[in-house]
Amino acid sequence: MTQPQILAFLILGGMMILFIWGRLRYDVVAMLALVASLVAGTVRPDEAFRGFSDDIVIIVGSALVVSAGIARSGVVEVALQWVGRRVTSLRWQLTVLVGSVTLLSAIVKNIGALAMLMPAAFGMAKRSGASPSVFLMPMAFGSLLGGLITLVGTSPNIIVSRVREQMTGTPFGMFDYAPVGLGLSLVGLIFLRFGYRLLPSDRRAAARGLGEAVFVSDYNTEARVLETSRAAGVTVSDFLSDIDGALAVTGIIRDGKRRATVLPDTKILVDDLLLLRGAPDALEAAITRGRLALARQEAGRVSAGVALVETVVVPESLLVGQSAGGMALHDRHGLNLIAISRAGHRMSERLGDTSIAAGDVLLVQGPEAEMPEQMRALGLLPLAQRKLGLGSVRKALLPLLILGSAMALTATGAVPVAVAFFGAATAMIASGALPAREATEAVEWPILVMLGALIPVSEALQTTGATELIGTLLSDIATGLPVWGALTLIMVAAMAVTPFLNNAATVLVMAPIAATFATDLGYRPEAFLMAVAVGAGSDFLTPIGHQSNTLVLGPGGYRFGDYARLGAPLSVLVVLVGVPLILAVWPV
């Protein structure tokens, strides 16, 4: 093994450790890997920033803008609302929701498609008397399967296409992924239609009261004891005995100081701040019947022009890792944090001091007219169907026409993918379908930075021979295996790595290795590259591997292990169906 290969392996290993450690953002890890490669000499200074001008970065950034334009039009949501009112069977509701998010994810960013249709899931759940948890995890998995259908469905597909072009001179086309992606999506849809019963029954029970729109196991909130409150002057035990449902007083703030312990015989005084944790209906009863003042809101009343909205924190939210107090949420944005719920966690901190995480469900209060703008700026997704002002049909359909034109131009080979989607993004902004400010906010800059920084690192693995060495070692291991066995090995490897790394980072590392592996075994690379794309896009085992999984964690009331209960069988199904399907479409 040569010195450049050793250095390349050390940088790769360090990068993977930092990704798994999770304390640094993936774009920061990518920049550190690029700096390390420059210092080690595996990347030359004149090649260090070439990745930022690569077609991958242009396509991903442009596709995000186009996706935002489609989401803003509201056409898909209106169509689904129309269908949803006519579907009453739970299984057919599940089929419609999962099928819709799957097809939409083929042309729109996965998490964007899921976010658009989550309110429809809450509405259908309310009409059928089911919990939204029946729908949300299957929808998240459907959004991942839908990304496998087209070139722009997910960034790993774009990277795999580039590797094929480097190997053979011909990239994958816009719909080259469709035969495999559609087949897997159909199998996944059938499985999820019945497989949702693998989720624990307590996560499938119907929700009521404050949590009617969202299935939340419990909220954490704080309430002030007023002179007129029924809780004033009674013990904690007596106060709780009057409340139906699961409720706990997790703390008492008195004279600005928190009491060390809260016992059943602890007496509640006027002006105490009670830290409460319980089911939505129990909290609702405590606030209304106990005549407590909920946070900054007077018990049971919301003034005119002020709205209470249940929201979920998206992974890119500015609030992630921050507290409401530290962000000065009220002073800067005019919003009050009324309550917070986090699946599987019992929180005892004060509401304003609680560090907010992606997937948390927040109950926020603020001026009704300003709420949409403030929530969009903070990265909060309202968990209710929004009123859609579509204007003229012509204007609403314009983003779809722009996207359709871009896809047609690339499918026919008239223009390169990067040019077509950059033109589509420009058309979205120029036509007014998407304001320039929203277009800038739609671009996930950390993703682009990660891609731009890791592309030279990935190329260094190839130029130093490290990729070839790994591919040769794998081919030695796979000696004697039939082609389907070798293909399964690559797909399972990508599937195992992607929960710990960003899926784009997984493909940047694994796609060249898979191509070398195939060449060493005497096979064409297309099937093996497709296996990497499918494996990296099939992250069904954890709530942290993909943003779509994180987004439904809080609203669905799921626990970490729930994902494997439904996701492990689906992962096995993807391998069992995906390998023969890839070989049928891409013979080696």
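Tutor: The answer below begins with the annotated spans and then turns to the whole chain. This is a predicted model, in which local features need pLDDT of at least 70 and side-chain atom pairs count only at pLDDT 80 or more, while totals for chains, interfaces and linings use all residues. Residues are numbered from 1 along each chain as its sequence is written, and side-chain values use heavy atoms, with hydrogens and water left out.

The unreviewed UniProt entry gives the annotation "transmembrane region" to several spans, including residues 134-154 and 174-194; such annotations may be inferred rather than shown by experiment. Residues 134-154 are 62% helix and 0% strand, and their end C-alpha atoms lie 25 Å apart.

In total the protein has 23 helices and nine strands (DSSP runs: H or I of at least four residues for helices, E of at least two for strands). Its radius of gyration, taken over C-alpha atoms, is 26 Å, close to the 25 Å that the globule rule gives for 588 residues, so the protein is as compact as a globular protein of that length; the rule is 2.2 Å times the number of residues to the power 0.38. The C-alpha trace spans about 80 × 55 × 45 Å along its principal axes. Of the 588 residues, 54% count as buried, meaning under 20% relative accessible area with a 1.4 Å probe, protein chains only.

Notes: Buried < 20%, exposed > 50% of the residue type's maximum accessible area, 1.4 Å probe, protein only.
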